[in-house]
Amino acid sequence: MNENTNGRTVALVTGANKGIGYEIAAGLGTLGWQVGVGARDAQRREDAVRTLRARGVDAFGVPLDVTDDDSATAAAELLTERFGRLDVLVNNAAVAGGWRQEPTTADLAGIRQVMETNVLGVIRVTNAVLPLLRRSAAPRIVNMSSGVGSLTLQSDPEAFTGPTSAAYGPSKTFLNAVTVQYAKELSDTDILVNLACPGYCATDLNDHRGTRTPTQGATIAIRLATLPADGPSGQFFNEDGPLPW
Ligand SMILES: NC(=O)c1ccc[n+]([C@@H]2O[C@H](COP(=O)([O-])OP(=O)(O)OC[C@H]3O[C@@H](n4cnc5c(N)ncnc54)[C@H](OP(=O)(O)O)[C@@H]3O)[C@@H](O)[C@H]2O)c1
C-alpha cells in the first residue's frame with residue numbers, strides 16, 4: 001500500500017473523465033486518496049469530478065491534453081502548487097484511431113496521431129511530473145497497455161488479439177518497450193513503473209463491444225498503483241498475472 005508520511009496519497013489519472021480511467025480514479029478514491037482527474041475537455045472533466053465526488057471520492061480536476069507540451073507542463077505546475085509532490089501517475093489516456101487499420105492501406109496521419117497520444121503522450125506527461133514523483137515516499141507509475149501490444153500473442157494464431165491494426169496495437173508494443181526502458185533508467189530509485197492490461201472492457205474505445213466492465217478493467221491498474229516497495233518494475237500484467245511481451 002502506498003503511504004506517505006506527509007499527508008494522504010496524491011494520484012493523477014490521465015483520461016479519467018470516462019471509461020476505465022474514470023473507474024481507476026473511483027477505485028483509488030475509495031482508498032482515501034486525493035485523485036486528479038486528468039481530462040482535456042472542461043465540461044467532461046467537471047462532470048467526472050462532480051460524479052466522483054458524489055461517490056465520496058476526493059477528486060479534483062486537472063486540465064490535461066496529453067498531446068500538448070504546455071498542457072502537461074501546466075498540469076505539473078497545478079500539482080506542484082497544490083501538493084508539492086505526486087505519489088502515483090496512471091497513464092491511461094489513449095485513442096484507438098478507428099478500426100480500419102490494415103497496414104497495407106494505413107493512413108500515416110492516423111498512425112502518427114495514435115502514437116502521439118498513446119506513446120509520446122505517456123512520455124510527455126511522465127517526464128513533466130517526474131520531479132514531483134521523485135518527492136514521493138512511494139512513487140508508482142502505471143501505464144495502461146493492452147494484450148494487443150504483445151508480439152507473442154499477436155504471433156499466436158490461437159490467441160484473441162483483435163482486428164489487424166497498424167496503429168493501436170503497435171502503439172501499445174512501443175509503450176511496453178519504452179516502459180521497460182523507464183524501469184531500467186529508474187532502477188536505482190523508489191519509482192516502480194509497470195504496464196497494466198485491463199482486458200476487453202466495454203467502453204467508447206471499442207464501441208462497447210468489450211465483455212468486461214470498466215470497473216473490472218480498473219482492478220489491475222489499482223493493484224499496480226498500490227504495490228509495496230519490493231514490488232516488481234518494468235513488468236506487464238493483467239488481472240491473472242504476467243503477460244508475454
Ligand atoms: N477498453 C478496452 O477493452 C481496453 C483494452 C486494453 C487496453 N485498454 C486501454 O485502457 C485505457 C483506457 O481505455 P478506455 O477503454 O477506457 O477508453 P475510452 O473510454 O475511450 O477513454 C479514453 C480516455 O482517454 C482520453 N483521451 C484521449 N486522448 C486524450 C488526450 N489527447 N488527452 C487527454 N485525454 C485523452 C479520453 O478523453 P476524451 O473523452 O476527451 O476523448 C478518455 O478519457 C487506454 O489506454 C486503452 O488503450 C482498453
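1. A polar contact is here a pair of N or O atoms within 3.5 Å; within protein, one atom must be able to donate a hydrogen and the other to accept it, and residues adjacent in sequence count only if both atoms are side-chain atoms. By that criterion an oxygen atom of the ligand lies 2.5 Å from an N or O atom in the side chain of tyrosine 168.

2. Please keep in mind that this is a predicted model, in which local features need pLDDT of at least 70 and side-chain atom pairs count only at pLDDT 80 or more, while totals for chains, interfaces and linings use all residues. Residues are numbered from 1 along each chain as its sequence is written, and side-chain values use heavy atoms, with hydrogens and water left out.

3. Of the 900 Å² of accessible area that the ligand has on its own, the protein covers 95% (Shrake-Rupley method with a 1.4 Å probe; for residues, only the protein chains shown count as cover).

4. Around the ligand there are 29 residues, of which Asn17, Asn92, Tyr168, Cys201 and Thr203 come nearest (a residue is near if one of its heavy atoms lies within 4 Å). By class, this shell holds 12 nonpolar, 11 polar and 6 charged residues, where Ala, Val, Leu, Ile, Met, Phe, Trp, Tyr, Cys and Pro count as nonpolar, Asp, Glu, Lys and Arg as charged, and the others, Gly among them, as polar.

5. Helix H1 (19-29) and helix H6 (168-185) each supply at least two residues of the shell; helices are DSSP runs (H or I, at least four residues), numbered from the N terminus. H1 also packs against helix H7 (residues 214-225) at about 55°, with their axes 8 Å apart (lines fitted to C-alpha atoms over the stretch in contact, with angles from 0 to 180 degrees between N-to-C directions). That angle makes H1 oblique to H7, since angles under 35 degrees count as roughly parallel, over 145 as roughly antiparallel, 65 to 115 as roughly perpendicular and the rest as oblique.

6. The axes of H4 and H6 come within 8 Å and cross at roughly 20°, which makes H4 roughly parallel to H6. Helix H3 (residues 69-82) packs against helix H4 (residues 108-133) at about 25°, with their axes 9 Å apart, and H3 and H4 are therefore roughly parallel to each other.
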